[in-house]
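Dear colleague,

Please find below the structure I promised to pass on, followed by notes on what came out of going through it.

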Number of protein chains: 2
Amino acid sequence: MLKQSQMLIPTLREVPADAEIASHKLLLRAGMARQLASGIYTYLPLALRTLHKIQAIVREEMNRAGGQELLMPAMQPAELWHQTGRWDVYGPELVRLQDRHDRSFALGPTHEEVITSLVRDEINSYKKLPINLYQIQTKFRDEVRPRFGLIRCREFIMKDAYSFDTTQEGLDINFQAMYDAYTRIFTRVGLNFRAVEADAGAIGGKGTYEFMALCEIGEDTIAYSEEGDFAANLEKAEVVYKPSAKPEGEVPAFEKVHTPGVKTIEQLTKAMNVDAKQIIKSLIYRVDEKLVMILVRGDHELNEVKLKNLYDATQVGLAQEADLRALTGAPAGFVGPVGLDTEKVEIIADNYVQDVHDGIVGANEADYHLAHVVIGRDFKVGRFADLRNITEGDECPRTGGAIKFARGVEVGHVFKLGTKYSQAIGATFLDENGRSQPMIMGCYGIGVSRTIAAAIEQNNDENGIIWPVAIAPFHVHVIPVNVKVDEQRLTSEQVTEQLHRAGVEVLFDDRPERAGVKFKDADLIGLPLRITVSDKAAQEGTVEVRIRKTGETHNVNLDELVPTVKKLLASIDHTGAELFGE
Amino acid sequence: MLKQSQMLIPTLREVPADAEIASHKLLLRAGMARQLASGIYTYLPLALRTLHKIQAIVREEMNRAGGQELLMPAMQPAELWHQTGRWDVYGPELVRLQDRHDRSFALGPTHEEVITSLVRDEINSYKKLPINLYQIQTKFRDEVRPRFGLIRCREFIMKDAYSFDTTQEGLDINFQAMYDAYTRIFTRVGLNFRAVEADAGAIGGKGTYEFMALCEIGEDTIAYSEEGDFAANLEKAEVVYKPSAKPEGEVPAFEKVHTPGVKTIEQLTKAMNVDAKQIIKSLIYRVDEKLVMILVRGDHELNEVKLKNLYDATQVGLAQEADLRALTGAPAGFVGPVGLDTEKVEIIADNYVQDVHDGIVGANEADYHLAHVVIGRDFKVGRFADLRNITEGDECPRTGGAIKFARGVEVGHVFKLGTKYSQAIGATFLDENGRSQPMIMGCYGIGVSRTIAAAIEQNNDENGIIWPVAIAPFHVHVIPVNVKVDEQRLTSEQVTEQLHRAGVEVLFDDRPERAGVKFKDADLIGLPLRITVSDKAAQEGTVEVRIRKTGETHNVNLDELVPTVKKLLASIDHTGAELFGE
């Protein structure tokens with residue numbers, strides 16, 4: 001019987017001063033974690049139970065998807081990191097040390113080098129591929145600014161998996177298997193998450209998804225649709241263009257309007273009493289070495305990643321004020337496409353600029369704009385493309401539903417690596433024709449300890465944590481109103497014992513504290529059900545079962561307690577899993 | 001179904017050159033572990049399964065004994081180690097690093113500092129004590145000479161537990177609970193082990209046992225009795241003295257014998273044609289600042305730890321040759337107690353010297369000995385004490401049985417720390433009277449990864465590993481003689497499936513290899529039972545079940561396979577545990 005008096009659950013009434021976000025505060029307040037040094041935490045018994053439950057779910061789903069678990073060392077010889085060039089590239093985030101013989105080691109933030117060298121040494125034929133190897137392990141990354149409790153740590157627990165294939169199609173299959181496994185894992189854990197199409201970034205390789213737990217504190221903006229499963233990072237989300245109907249009637253010739261000091265879209269809408277949709281924003285960018293004018297509708301924002309991808313450029317950035325003046329004769333805020341020399345500067349536009357049939361643009365003269373401008377008639381556009389950020393309410397490119405925005409914390413990542421590491425480390429195989437080929441790799445990470453924090457971010461109220469059933473440290477909190485009353489204590493012990501025998505995990509609060517203190521702690525710790533044992537147990541044979549999430553209470557006969565508790569837990573658990581292994 | 005073709009089990013035919021001992025060779029050859037750097041290993045899937053099984057046993061027994069699991073960081077701030085002085089004392093074995101802000105950290109080889117600071121911060125009243133906190137975690141120690149595979153590593157897995165009590169009696173109870181838990185753990189794991197009384201050494205504190213797995217490669221000599229549970233390190237084992245009968249007749253006056261160049265006991269027994277038991281060895285030691293002559297019977301060895309403890313000295317060592325000459329006028333090999341000035345040097349003797357009734361000693365003159373020397377008549381002994389090493393055949397101090405010697409590998413350690421760390425770190429509690437007292441600590445370690453190696457050391461033959469059932473990676477190896485024969489393959493799959501459903505863990509060797517290769521690998525990997533599926537399965541409805549340990553084979557009807565396998569496994573498993581959770 002797990003008696004709370006004997007457990008290390010040091011709850012706190014005060015909100016710790018340095019904790020900024022809910023999960024950080026609650027992990028400390030509920031006596032689940034303690035900081036040893038910046039970004040370095042001890043997991044106390046309650047948190048470790050949750051950690052083990054998440055690990056068990058990860059393990060089950062990884063094994064089901066054909067993964068094989070192994071365990072690699074944390075200490076990695078520098079030589080391996082030199083081979084891939086990452087010893088220099090990784091920068092100060094790589095924790096480095098020297099042994100007694102002055103040999104250099106990294107403390108692994110990730111294990112591409114180690115796994116690839118292992119597979120290089122042990123596998124050399126297509127007959128032994130594909131293979132998918134994973135581990136659950138403590139990782140190290142010397143974050144410049146550790147923060148948010150278990151969200152951004154210097155020592156943390158990851159599941160990292162690596163697949164090795166002989167063909168791109170094989171990688172696609174492994175990748176999909178991991179995608180599906182991650183979907184099952186985060187569903188079972190009880191997270192509200194989205195698999196988000198992400199930009200592959202400098203690591204290269206096509207096909208990468210971030211699994212984002214949706215919550216306010218997230219650092220990334222996600223565009224998603226509630227219909228279907230579309231979700232993408234803002235910089236990645238494609239915008240569908242469908243032309244709107246052209247209004248009747250002729251547009252008069254354009255005219256110059258005096259707009260002294262009116263530089264922003266907001267100022268312009270007020271000064272001219274128009275909608276932002278009628279304005280065409282003209283931006284001059286330096287794309288690698290070339291100057292380009294990009295037109296975007298006044299209510300839209302340019303997406304620099306899309307611009308970069310359109311030109312396959314390595315660098316894009318706003319042009320200098322001097323470039324603007326040389327090209328247009330006007331300062332920023334008053335440049336525009338009319339009369340510009342398209343030999344000197346290409347004019348491109350976001351698709352939606354085509355919807356501006358009677359527009360306003362800068363006049364290429366300080367303090368003036370042009371009204372009644374018509375594309376094609378008054379200036380030419382080199383090409384139209386998807387160049388803007390998606391906005392809330394836009395049409396989902398998959399389902400046509402309305403796009404919503406959310407913020408997210410990355411809890412998982414699936415990534416097609418290709419041959420970057422196998423080539424650097426020399427992990428090759430002999431194919432059916434006896435030819436040596438580099439293995440084709442994928443890598444797949446889950447932030448196991450971060451997932452605890454993400455789950456708390458999504459499941460809490462002003463009183464404390466509200467654990468999803470699948471990862472709650474215990475299922476039920478049994479609390480006698482007054483433990484010194486023998487009958488209450490005995491009933492509490494019996495109830496604990498009965499539930500335990502039925503496979504329900506119970507924490508029994510046997511502390512000689514006031515009921516109010518115990519209830520406050522119970523709300524803080526946030527187990528799914530609380531059973532309060534009062535004098536009614538002896539008088540009427542009932543106890544009160546309270547659902548943490550809804551506050552709903554039930555008076556339950558002791559005879560029916562076990563089945564009722566199981567039924568209630570099943571009803572709270574949205575995952576529909578079999579909770580008690582029946 | 002776990003198919004061997006899809007698992008990373010890279011068995012080796014060759015014996016790796018750098019592996020000196022059986023477990024190291026077999027871990028490599030059976031495809032269980034690979035070295036990444038000196039003393040740093042990757043656990044491949046088979047080894048990880050065994051590791052998890054040992055961890056599960058450790059966890060169960062620790063929880064049963066009232067332990068609470070938590071997880072502390074590997075990175076420990078140097079400040080904590082400065083507080084206990086261990087930053088300087090620990091030497092080059094402590095792995096040290098600096099973070100990006102040049103703050104120093106240790107990678108924990110042990111966690112006394114961290115746990116004591118945690119308990120200091122969270123517990124301050126006797127009401128919350130005792131408590132016993134443990135973790136299973138990767139540890140780091142920069143061994144000067146990593147060797148023996150998983151026996152002496154630089155990165156390894158430990159279970160470390162720490163108890164905090166208010167009284168010495170409380171510590172005794174916690175200590176005994178851990179002693180009992182360790183006994184259950186190593187029994188369940190299937191080790192042949194002894195709990196050995198060990199010297200507390202420099203760490204101080206009374207009461208320390210090492211749990212030693214008995215095996216040839218051990219670095220320590222253990223004296224034990226097969227009756228009862230007495231076992232002690234050689235330096236610690238008490239020798240019981242019972243006087244032998246004094247022989248009849250007078251001993252003649254001593255006489256000087258010319259023994260040119262005869263310096264050792266062996267030379268003396270030959271030169272004078274006597275038994276070593278008739279010789280009294282005279283050793284001159286410097287005990288701290290004082291010179292002492294110690295007499296030991298010729299067939300015995302002085303135990304320096306006992307000498308040290310007798311004088312409560314901080315240092316003992318053989319005196320310099322110059323000291324010998326100054327005191328006796330003779331060189332080493334010829335000194336003796338007769339005629340020595342006991343004002344200048346105390347003469348003490350091991351108890352068994354009393355049995356020498358007609359002895360031979362050095363004459364305090366080069367190249368001469370004295371024969372027919374009688375203690376008391378010819379020289380005086382200041383005191384007799386237990387000063388010698390125990391020998392095989394000596395009487396066990398507990399049971400009276402005969403002492404045997406064995407060598408052992410330390411797999412566990414229980415240790416009464418006292419207040420060393422609580423005082424240094426300031427972990428105090430308020431007692432019933434509101435007085436502040438330092439907590440009284442114990443610490444308890446298990447070498448989890450080392451236990452794998454110790455189990456293999458004890459359980460192997462020339463063909464490979466012979467796993468104890470409780471920690472075998474799988475219970476059964478199913479091998480079709482020829483997997484290309486459809487009937488054999490199908491039967492193998494059915495058998496695997498049936499056993500799996502009955503809770504038996506099966507590895508199915510579906511590789512298209514010759515039977516001989518598969519049998520060799522099966523012996524190497526060493527699962528408790530091998531099931532060979534041949535054409536007899538179709539013809540007679542039988543398969544062959546072979547017990548790895550004995551080589552015994554049974555022809556078993558497919559109908560009776562599941563119960564037979566369970567019965568056989570239970571019969572091999574000496575621990576009597578319930579294997580399949582029924």
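How much area do chain A and chain B bury between them, and what part of it lies on carbon and sulfur atoms? The two chains bury about 4,200 Å² between them, with 65% of it on carbon and sulfur atoms, where buried area is the accessible area (1.4 Å probe) that two parts lose on being put together, summed over both. On the side of chain A, the residues that lose the most area to chain B are Leu36(A), Leu71(A) and Arg100(A), which together make up 16% of what that side buries.

Before going further, please keep in mind that this is a predicted model, in which local features need pLDDT of at least 70 and side-chain atom pairs count only at pLDDT 80 or more, while totals for chains, interfaces and linings use all residues. Residues are numbered from 1 along each chain as its sequence is written, chains are lettered from A and ligands numbered from 1 in the order in which they are written, and side-chain values use heavy atoms, with hydrogens and water left out.

The interface

Chain A contributes 51 residues to the contact and chain B contributes 51 residues, contact meaning heavy atoms within 4.5 Å. Between the two chains there are 4 salt bridges, a salt bridge being a side-chain nitrogen of Lys or Arg within 4 Å of a carboxyl oxygen of Asp or Glu. The side chains of Arg34(A) and Glu122(B) meet in a salt bridge, at 2.6 Å from N to O. Helix α2 (residues 45–64) of chain A supplies the largest share of the side of chain A that touches chain B, namely 5 residues; helices (H or I, at least four residues) and strands (E, at least two) are DSSP runs, numbered from the N terminus.

Salt bridges within the chains

Over all chains the count comes to 89 salt bridges. In chain A, Lys290(A) forms a salt bridge with Glu346(A), with the closest N and O atoms 3.9 Å apart. Lys290(A) lies in strand β15 and Glu346(A) in strand β17 (residues 346–350) of chain A, so this pair ties together parts that are 56 residues apart in sequence. Lys290(A) is partly exposed at 43% relative accessibility, and Glu346(A) is partly exposed at 24%; here buried means under 20% relative accessible area, exposed over 50%, and partly exposed in between (1.4 Å probe, protein chains only). A network of salt bridges also links Glu60(A), Glu61(A), Arg64(A), Arg184(A) and Arg188(A).

In helix α9 (residues 321–328) of chain A, the residues Asp323(A), Leu324(A) and Thr328(A) are buried. Seen down the axis of α9(A), these buried residues fall within an arc of 100 degrees, so they line one face of the helix, the arc being that of the directions from the helix axis to the C-beta atoms. They pack against β14 (280–287) and β15 (290–297) of chain A, whereas the exposed residues Ala322(A) and Ala326(A) are carried by the face of α9(A) turned away from the buried side.

In helix α8 (residues 304–311) of chain B, the buried residues are Lys306(B), Leu307(B) and Tyr311(B). They cover an arc of only 125 degrees around the axis, which puts them on the same side of α8(B). After α8(B) comes Asp312(B), whose phi is positive, near 50 degrees.

With best wishes
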